[in-house]
Amino acid sequence: MNQNSSDYLLEIKSVSKSFGELHVLKDVNLNIAKGEVVCIIGPSGSGKSTLLRCINFISPPDSGEIVFDKVSWRSYRSKFNVLANFRYEKKLPALRAEIGMVFQHFNVFPHMTTLENVSLGLQKVRKMKKDKAKEVAAQSLEQVGLSDKLQVYPDQLSGGQKQRVAIARALALNPKVMLFDEVTSALDPELVSGILDEIRRLVREGMTMIIVTHEMKFAFQVAHRIVFMDQGKIVQVGTPEEIRNTQEPRAKAFLSSILE
Amino acid sequence: MGKYDFSWRIIEEHLPELMKGLIITLQISVAGMAFALLFGLFFATLRFSQYRVLNVISNSIVQVGRSLPLFVLLFWIYYGLSLKFKINFSDFQAGAIALGITGGAYMAEVFRGGIKAIDQGQSDAAFAIGLNRMQTSRLIVLPQAIRIILPQTVNIYVGLLKGATIVSVIGVSDMIYVAQYVSLETFRPFELYSFAGVVFIALTLSVASFAWLLERQLSGKSRRG
């Protein structure tokens, strides 16, 4: 890969994070180019989801740096300077608005219709007028095949439909990168492939994506690179081909246990 | 014991005054509830602050507010503040503030419980689309928490409504105060206080049924398309 850092859309630089005594991420480094699809695999508790949540500071890293679109972001929290903390907090939404995220448990807003779920960010973050926002939101929902569900509340939707709403909600904001955090893990088996197809559509459109998943077949199909994580560290990064033929003992053990 | 002749006519004769008192009771309880909601939300927010100091301060104020009898609080605010700091509130203001503090201490806990009941994933998702903290609370967390806290909030309002009868001790001319002075003239305390009691039952029932309707309205919104 090119060593010039400005070629990367996203750089994760020596990111560490612990929850109390538990070191969830230990000095993680990863660079992602524009248009690249990276799948992160590894056993549960290896820090995959936490890494995603560090990228948009929903769970801010303890140390390290995120460079996104040439802008550097670090965690900041002063014990005494409350004003500085406020100023810092005010900046974060700008970063997050450029990074779409879809969660394992959908996290759609149950008190809003499908259309309101998607148009909320357009109105409040992209500052669109209400009518314009609804129009864009409706288009976004149409792309995920939900144009007949605009006025429906989430508790009338299936898991797969809720996840489509969540995908539309993220995509409507026209993000530069999408983060998928085990988005099929909470779905009934028959609904999984539909959501994977949505992600495949984004791959074809050239969206930059980081996908944490347990769907190995899918990961090896769509990824340009695969990242294997274990115990808070990136153990190996490579093309699907390289990872499939890995000789690294932990990666090998994980893959054979899962592919059996 | 002698035979007691009930004379319910006394109520009819003094109905206009009693109704005036009732209106004062309603006004002071609503004003108190408004304060309680503000205090409650404020202190509940502090409880969720990332600054330990604010958590501790808010927690202490809530604990003290809950432990203090309304009666003592009233005296402190009405007489104490005036004597010691020359801060003079009218009897109505002092009553509303005292009710607000007591109710607010309870509301803080209710708000805290309601907010905690909302899944963390909801604010994660709100942050992820770029909403700030304020927008996340106002647009995502609070609207969902309100459905959870509504029944308890009604209970607290009913408590304040009854608590509002104590404000007569600092001379607020609420319904109990009216009943008291009319009975001094007419020697009919039994009839007058019983009337007040019945009015309170009616009030509580109407508040409860209003809340029930509201609750149905709110939960229906997400169920029906």
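**Notes on packing**

1. A133(A) is buried, its relative accessible area being 0% (buried means under 20% relative accessible area with a 1.4 Å probe, protein chains only). This residue belongs to helix 4 (residues 130-143) of chain A, and, leaving aside residues up to four places away in sequence, A133(A) touches S119(A), L122(A), Q123(A) and M128(A), where contact means heavy atoms within 4.5 Å.

2. This is a predicted model, in which local features need pLDDT of at least 70 and side-chain atom pairs count only at pLDDT 80 or more, while totals for chains, interfaces and linings use all residues. Residues are numbered from 1 along each chain as its sequence is written, chains are lettered from A and ligands numbered from 1 in the order in which they are written, and side-chain values use heavy atoms, with hydrogens and water left out.

3. Eight of the nine residues of helix 6 (residues 120-128) of chain B are buried, so this helix is largely enclosed by the rest of the structure; helices (H or I, at least four residues) and strands (E, at least two) are DSSP runs, numbered from the N terminus. The cover over its buried residues includes helix 1 (48-55), helix 2 (82-97), strand 6 (99-102) and helix 5 (159-172) of chain A, together with helix 7 (133-163) of chain B. Just after helix 6 of chain B, G130(B) adopts a positive phi of about 100 degrees.

4. In helix 2 of chain B, F43(B), L46(B) and R47(B) meet residues of helix 3 of chain B, among them L54(B), I61(B) and V62(B).

Note on methods
Buried means under 20% relative accessible area, exposed over 50%, partly exposed in between (1.4 Å probe, protein chains only).
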